[in-house]
Amino acid sequence: MKTLTQKVVFKNATPEQLYDLYMDAKLHSLVTGAPAKITKKEGASFSAHGDYIKGKNFHLVPGKLIVQSWRGQDWKKGDLDSIFMLQFEKQGKDAVLNMVHANIPDKEADGIKSGWVDYYWTPWKAHLAGKKVTRKKGM
């Protein structure tokens, strides 16, 4: 099992904007270009990318922290769910996202690592800058 960590700076953004990009189903779907069903309720199930990703909200602190279980549809039945955490902080005029994604099956880690950049952080930056979001095809 692998653990991924990423730190991403979003220029001229707030932690609240980042939190909403992930936790608001309409925004999540808009920016990723794929259907998401997610609510801001602890204990609620969620799905993203047309049910390719499924999990549950464990702990939510608006504008500050998201902790979820998370798994890909194509993972082996015996693979444990991973734990996904996003922590947001203000840094001057910018917002910093700190991600920890733990307990990822070894064979899935490289794709997930690049997937966060390709399907989330890059489109988020474009959206926040008011630019047209261009998305990578397929997940």
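Me: Which residue takes a positive phi in the hairpin of strand 3 and strand 4?
Reply: Gly63 does, with a phi near 75°, and the hairpin has three residues between the two strands. Strands here are DSSP runs of E with at least two residues, helices are runs of H or I with at least four, and both are numbered from the N terminus. Please keep in mind that this is a predicted model, in which local features need pLDDT of at least 70, side-chain atom pairs count only at pLDDT 80 or more, and totals for chains, interfaces and linings use all residues. Residues are numbered from 1 along each chain as its sequence is written, and side-chain values use heavy atoms, with hydrogens and water left out.

Me: How many bridges are there between strand 3 and strand 4?
Reply: Eight bridges pair them in the antiparallel sense, where pairing requires that DSSP finds at least two bridges between two strands. Within this pair, Val61 stands opposite Leu65 of strand 4.

Me: And what about strand 2, how is that one joined to strand 3?
Reply: Strand 2 is joined to strand 3, residues 53–61, by four bridges, and the two run antiparallel. Ser47 stands opposite Lys54 in strand 3. These two strands also form a hairpin, with four residues between them, and His49 in the turn has a positive phi of about 55°.

Me: In what order do the strands sit in the sheet?
Reply: Six strands form an open sheet in the order 1-6-5-4-3-2, with antiparallel pairing. The edge strands, each pairing on one side only, are strand 1 (2–10) and strand 2 (45–48). On average, neighbouring strands are turned by 25° against each other, direction ignored.

Me: Which helix packs on the sheet?
Reply: Helix 3, residues 109–128, packs on the sheet and touches strand 1, strand 2, strand 4 (65–72), strand 5 (82–91) and strand 6 (94–104). Contact means heavy atoms within 4.5 Å.

Me: How do helix 1 and helix 3 cross?
Reply: The axes of helix 1 (residues 15–23) and helix 3 come within 12 Å and cross at roughly 130°. Axes are lines fitted to C-alpha atoms, for helices over the stretch in contact, and angles run from 0 to 180 degrees between N-to-C directions. The two helices are therefore oblique to each other, since angles under 35 degrees count as roughly parallel, over 145 as roughly antiparallel, 65 to 115 as roughly perpendicular and the rest as oblique.

Me: Which residues of helix 1 make that contact?
Reply: Gln17, Leu18, Leu21 and Tyr22 do, meeting Trp116, Tyr120, Trp124, His127 and Leu128 of helix 3.

Me: New topic: how many salt bridges does a search of the whole structure find?
Reply: The search finds four, a salt bridge being a side-chain nitrogen of Lys or Arg within 4 Å of a carboxyl oxygen of Asp or Glu. One of them joins Lys11 and Asp94, whose closest N and O atoms are 3.6 Å apart. Lys11 lies in the loop between strand 1 and helix 1 and Asp94 in strand 6, so the pair ties together parts that are 83 residues apart in sequence.
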